[in-house]
Amino acid sequence: MMELEIELKKASDSLKAWDTTSISLTAGCDLFMRYVTRTSALEYEEFNSAKSRLIERAEKFGEISQKARRIIAMLSQDFIFDGCTILVHGFSRVVLEVLKTAVQNKKVFRVFCTEGRPDRSGLRLANELAKLDVPVKILIDSAVAYTMDEVDMVLVGADGVVESGGIINLMGTYQIALVAHSMNKPVYVAAESYKFARLYPLDQKDMAPALRPIDFGVPIPSKVEVETSARDYTPPQYLTLLFTDLGVLTPSVVSDELIQLYL
């Protein structure tokens, strides 16, 4: 039984090594290990029974994770109203699912998509929304404050939800939340519970940087330093609610949910 646990740990470590900067990957693997091995099956005398029980729990974890986006999409519908304008940042599969569900529910709204530097992932989301016939406007990242007075709410995904109730997400999320907060616009986060991570960053530099190349379109002299980190930390006081598969949570409740997940 111990050897089986060791093999699972090796597999988990191999996955995490694929992208050491991915918070959701690390948190997902850690939660998987906790969920699968937190069972009395480990005390069974008969090995095959214990192994079957572990496989059953592993499949159940996968099933819960796959359903997470659908649950979040359903829970978030009460917050999207006809005629609203939603600002989104970068590409998020769960945010796309939320907006797809709103379209299926015949809700009428428009979306402002930021470009989403450094990888311009916001353009991908804009293309997906255009296929759904949702009115979309693409903004350069620096135009957020300029357009915020037209926005009714901000909706973002998250690479990770940390113990403080804050989030780590695509670079620029923090400044969007700051602008929204100063103009009394709600900031909603859509994130699956397997992205809840046992981290407690105190500031922007208190986490491993996720470095990504940036194309500026013109040559940059080698002596010019370029900031290539692709994510930032948004403290909980700038977030309104988190839409998760565990329910609609305030940032202050996240630490309690994390304790339950990792017990």
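Helix axes here are lines fitted to C-alpha atoms over the stretch in contact. With that in mind, welcome to this predicted model.

**Stop one: two helices.** Select residues 47–75, which form helix α3, together with residues 93–104, which form helix α4. Their axes come within 8 Å and cross at roughly 50 degrees. That angle makes α3 oblique to α4.

Now show the side chains where the helices meet. On the α3 side, pick R69, R70, I72, A73 and M74; their partners in α4 are R93, V94, E97, V98, T101 and Q104.

**Stop two: the cysteines.** How many disulfides are there to draw? The count is 0, taking a disulfide as a pair of cysteine sulfur atoms within 2.5 Å. Select C113 next: its nearest cysteine sulfur belongs to C84 and is 13 Å away. C113 is buried, with a relative accessible area of 1%. Then move on to C29, which is also buried, at 7% relative accessible area.

**Stop three: a glycine in a strand.** Finish at G247, in strand β10, residues 247–249. Is G247 buried or exposed? It is buried, with a relative accessible area of 14%. Beyond its neighbours within four places in sequence, G247 is in contact with L75 and L242. Lastly, draw a C-alpha to C-alpha distance from G247 to S193: the two are 54 residues apart in sequence and 9.7 Å apart in space.

Methods. Residues are numbered from 1 along each chain as its sequence is written. This is a predicted model: local features need pLDDT of at least 70, side-chain atom pairs count only at pLDDT 80 or more; totals for chains, interfaces and linings use all residues. Side-chain values use heavy atoms; hydrogens and water are left out. Axes are lines fitted to C-alpha atoms, for helices over the stretch in contact, and angles run from 0 to 180 degrees between N-to-C directions. Helices (H or I, at least four residues) and strands (E, at least two) are DSSP runs, numbered from the N terminus. Angles under 35 degrees count as roughly parallel, over 145 as roughly antiparallel, 65 to 115 as roughly perpendicular and the rest as oblique. Contact means heavy atoms within 4.5 Å. Buried means under 20% relative accessible area, exposed over 50%, partly exposed in between (1.4 Å probe, protein chains only).
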